[in-house]
Amino acid sequence: MPESHRYQLQNDDANRLIRELVDVAAVPAQTRGLVQQLLTSVLKLHEDGAPVGDLKITNAALKELRYGFKVFAPYRGVRKVTVFGSARTSPADPASEAARQFGRRMVEAGWMVVTGAGAGIMGAAQEGAGGERSFGLNIRLPFEQEANPWIASDPKLITFKYFFTRKLFLVKEAHAFALFPGGFGTMDETFEAVTLLQTGKSQIVPIVLVEPGPRPFWRTWDAWLRSTQVERGFIAPEDLGFYRIVDSVEEADSVEEAVADIEGFYRVFHSSRIVADNLVFRLERPLTERDLAEIQHRFDDILKGPLDQVAGPAPQELPEFVDLPRLVIPFTRSSYSRLRQLIDFINARPG
């Protein structure tokens, strides 16, 4: 029985009216079940006797999600990098200059930039990118957080009430993360990004940690992870491979290294999707038989069967990027850090 039929209200008349409403709204067949369930969930809150406070949270969150989806929708085909860093960094700080250069360079490379819309690092990256090629995801706070002037009047500025809805878009829309020094918020965002990759709850994307000056920040953070988290067995040594620290002597070199690391991640690897029981990589070009044999040997610990390569979309896959070859991976979902290593191996193939 379809999920939309099992998931329904206790009131049969209300279920019938929901189905009629979906018909009247001319919801297409491919999304009909989901829309029906959304409407049912809203009315289930009423059936459950949800208090006014819970209804207010659900109402505000759903509105924020809907509006965020709408704002990002025209730019689905453009890769975006989310930039995190302190709102308290002064404009003259080397970190701000590096963020400005980074925003500018990513736009020159064809990307768009997403920030939290605040001052400091966020404002500097926004200034470098320009409002036309960036998004600002602001948060309403009692102090310190006003939209920076480079995004304040742009329609791609979204102001959120809740951190959790804001964070969803900061992560969901990111094809890469660039992190500059910052405080509690930056630390929270760094650990969240790495945790989502480690647990397979997010697509694997490049994470670059930019050291913009002579004083170590991310190197100190990395040393703490190695001496406590890894040493005590809380994380695996391979988990440190989810991020790269760029800290060249010259500030401009750090920025170029960060840009090169992000673009290099998409040199051969394009994107991935779960299709049936397999993980499917879309590739910019096909791999050789020798490459496939090497992957099968090197990554046998995370494979539950033989690899396959097909010229276009795999069976049951949506018809997206139909000209790109696919690598069909029988992934065990046991180690996403090893999967990141597999992507690095693919990107290192000559050609």
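The following legends describe close-up views of a predicted model.

**View 1. The open sheet of four strands.**
Four strands form an open sheet in the order E8-E9-E11-E10, and their pairing is antiparallel. Strand E8 (269-275) and strand E10 (308-310) stand at the edges; each has a single partner strand, so one side of each is left without a neighbour in the sheet. From one strand to the next, the twist averages 25°.

**View 2. The pairing of strands E9 and E11, with helix H12.**
Strand E9 (residues 278-283) and strand E11 (residues 326-329) run antiparallel and are joined by four bridges. In one of the pairs across these strands, Phe281 has Leu327 of E11 as its bridge partner. Helix H12 (residues 336-347) packs on the sheet, where the helix touches E8, E9 and E11. The direction of H12 makes about 30° with that of E9.

Asn347 is found in helix H12. The relative accessibility of Asn347 is 9%, and because buried means under 20%, Asn347 counts as buried. Apart from residues up to four places away in sequence, Asn347 touches Gly264, Phe265, Tyr266, Arg267, Val268 and Phe269. A polar atom of the Asn347 side chain lies 2.9 Å from the backbone nitrogen of Phe269.

**View 3. Helix H8 and its buried side.**
Helix H8 (residues 184-198) has 15 residues, which at 1.5 Å a residue should span 21 Å. The end C-alpha atoms of H8 are 21 Å apart, in agreement with that value. The buried residues of H8 are Thr186, Met187, Glu189, Thr190, Ala193, Val194 and Leu197. They cover an arc of only 165° around the axis, which puts them on the same side of H8. An α-helix has 3.6 residues a turn, so residues three or four places apart point the same way. After H8 comes Gly200, whose phi is positive, near 75°.

**View 4. Asn15 in helix H2.**
Asn15 has its place in helix H2 (residues 12-24). With a relative accessible area of 5%, Asn15 is buried. When neighbours within four places in sequence are left aside, Asn15 is in contact with Gln8 and Leu9. Asn15 and Glu189 are 174 residues apart in sequence, and their C-alpha atoms are 41 Å apart in space. Glu189 is one of the buried residues of H8.

Methods: Residues are numbered from 1 along each chain as its sequence is written. This is a predicted model: local features need pLDDT of at least 70, side-chain atom pairs count only at pLDDT 80 or more; totals for chains, interfaces and linings use all residues. Side-chain values use heavy atoms; hydrogens and water are left out. Two strands pair if DSSP finds at least two bridges between them. Helices (H or I, at least four residues) and strands (E, at least two) are DSSP runs, numbered from the N terminus. Axes are lines fitted to C-alpha atoms, for helices over the stretch in contact, and angles run from 0 to 180 degrees between N-to-C directions. Contact means heavy atoms within 4.5 Å. The expected span of a helix is 1.5 Å times one less than its number of residues. Buried means under 20% relative accessible area, exposed over 50%, partly exposed in between (1.4 Å probe, protein chains only). The arc is that of the directions from the helix axis to the C-beta atoms. A polar contact is a pair of N or O atoms within 3.5 Å; within protein, one must be able to donate a hydrogen and the other to accept it, and residues adjacent in sequence count only if both atoms are side-chain atoms.
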